[in-house]
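Here is a colleague's note for someone opening this structure for the first time. Please keep the 3D view at hand while reading.

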Amino acid sequence: YTYSTSPTAALQFLSGGSYSIYNGGTTGATSTTIATNMLADTGAYGYTTVIWAGRDNYSSQSQVLADVASMVGALTSNPKTFVVLSVINGEYPSEAAGGASYAQIASLNAALQAAYPNNFLDVRTPLVNSYNPALTQDAYDFANSVPPWSMRGTIYWGSLSAAITSTTATSFSASVAGTALAPNVVLTIDSESILVSAVSGGNITNCVRGWGGTTAATHLISANYLGVDPIHLSQPGYLVVARKVREWLCAHYGCTAPQFR
């Protein structure tokens with residue numbers, strides 16, 4: 001039970017099709033929604049279960065713990081076969097190391113590990129460590145203990161509808177070809193990364209220039225941009241998570257399929 005279908009696809013790929021992977025999660029769901037869906041699906045109580053919940057309500061630690069406990073309590077396998085994954089942080093200023101939200105996420109993960117010492121898997125740290133030191137933005141994310149830019153999904157793209165003629169300008173206009181722009185998206189234009197703070201349609205009304213250790217620069221009209229999701233992972237990122245899950249399940253419950261050996 002996760003908040004995205006992508007980890008399921010990655011696990012299915014890594015199993016070589018030898019196992020049936022069932023996804024009972026929904027995108028953007030709180031731990032309460034995930035628990036409600038899981039508890040309603042009585043036919044899945046006997047499955048080996050991967051629980052990845054709490055990202056969308058990590059500030060409500062007691063609620064997340066109660067929701068996870070309700071899911072674990074419903075499992076009927078004997079002994080219960082499950083793993084609880086750590087919550088990951090994103091490319092938000094408050095979720096970088098030292099930020100208030102970072103501390104909340106760290107506290108939640110510590111509480112989950114304390115509650116399930118034999119069934120907890122830290123996937124956040126391997127993600128952070130999967131950064132590419134040759135990429136400026138990745139190195140910046142690693143220094144701030146954030147899952148790296150290159151491991152998150154690119155879902156925003158388009159081009160500038162007007163030139164950016166100043167290295168200090170914090171507003172500019174862009175045509176949108178992909179997903180509509182949103183705050184906390186990191187846009188890459190030429191060699192500069194820009195953290196978007198506020199938008200109105202295709203108008204970026206506030207931003208942080210030279211984000212992630214890059215250098216603010218001017219940009220020509222029609223220059224292309226790419227924007228990376230602040231939290232959701234790309235296929236390589238989900239493969240990192242899926243490999244760790246597969247390794248953990250094999251180590252604790254055994255793997256009979258050749259692909260798992």
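The points below go from the whole chain to single residues.

1. **The model and the chain.** This is a predicted model. The protein chain holds 7 helices and 9 strands. It has 261 residues, and buried residues make up 49% of them. Take the contacts with a separation of 6 or more: residues 24 or more positions apart account for 66% of these.

2. **Salt bridges overall.** How many salt bridges does a search of the whole structure find? The search finds 5.

3. **Arg152 and Asp141.** These two form a salt bridge, with the closest N and O atoms 3.5 Å apart. The pair links distant parts of the chain. Arg152 sits in strand S4 (residues 152–160), and Asp141 in helix H6 (residues 136–143). They are 11 residues apart. The cut-off for buried is under 20% relative accessible area.

4. **Glu192 and Arg209.** Here the closest N and O atoms of the salt bridge are 2.7 Å apart. Glu192 belongs to strand S7 (residues 192–200). Arg209 is in the loop between strand S8 (203–208) and strand S9 (224–233). The pair therefore ties together parts that are 17 residues apart in sequence. Both Glu192 and Arg209 are buried.

5. **Glu247 and Lys244.** This salt bridge has an N to O distance of 3.8 Å. Both residues lie in helix H7 (residues 235–253). They are 3 residues apart there, so about one helical turn separates them. Glu247 is partly exposed, with a relative accessible area of 41%. Lys244 is partly exposed too, at 30%. Elsewhere, salt bridges that share partners join Glu91, Asp141 and Arg152 into one network.

6. **Helices H2 and H3.** Two packed helices are described by the angle between their axes and the distance between the axes. For helix H2 (residues 31–40) and helix H3 (residues 61–74), the axes come within 9 Å and cross at roughly 15°. Angles under 35 degrees count as roughly parallel, so H2 is roughly parallel to H3. The crossing of H2 and H3 is left-handed.

7. **The H2 and H3 contact.** Which residues make the contact? On H2 they are Ser31, Thr32, Ile34, Ala35, Met38 and Leu39. On H3 they are Gln63, Val64, Asp67, Ser70, Met71 and Ala74. The residues of this contact divide into 7 nonpolar, 4 polar and 1 charged.

8. **A cis peptide bond.** Check the backbone between Asn78 and Pro79. A cis peptide bond joins these two residues, with omega about 0°. Pro79 is in the loop between H3 and strand S2 (82–85).

9. **Positive phi at Ser145.** Ser145 is not a glycine, yet its phi is positive, near 60°. Where is Ser145 placed? It is in the loop between H6 and S4. Ser145 has a relative accessible area of 13%, so it is buried.

10. **Positive phi at Asn184.** Asn184 is not a glycine either, and it has a positive phi of about 70°. Its loop runs between strand S5 (172–176) and strand S6 (186–189). At 25% relative accessibility, Asn184 counts as partly exposed.

11. **Leu233 and its surroundings.** Leu233 lies in strand S9. It is buried, with a relative accessible area of 8%. Leu233 and Gly153 are 80 residues apart in sequence. In space they are 5.1 Å apart, C-alpha to C-alpha. Which residues is Leu233 in contact with, leaving aside its neighbours within four places in sequence? They are Trp52, Ile88, Leu127, Met151, Arg152, Gly153, Tyr238 and Val241. Arg152, one of these contacts of Leu233, is also the salt-bridge partner of Asp141.

Definitions and conventions
Residues numbered from 1 in each chain as written. Predicted model: local features only at pLDDT ≥ 70, side-chain atom pairs only at ≥ 80, totals over all residues. Heavy atoms only, no water. Salt bridge = Lys/Arg side-chain N within 4 Å of Asp/Glu carboxyl O. Helix = DSSP H or I, 4+ residues; strand = E, 2+ residues; numbered from the N terminus. Buried < 20%, exposed > 50% of the residue type's maximum accessible area, 1.4 Å probe, protein only. Axes fitted to C-alpha atoms, helices over the stretch in contact; angles between N-to-C directions. Parallel < 35°, antiparallel > 145°, perpendicular 65-115°, else oblique. Left-handed = near helix turned anticlockwise from the far one by under 90°. Contact = heavy atoms within 4.5 Å. Nonpolar A, V, L, I, M, F, W, Y, C, P; charged D, E, K, R; others polar.
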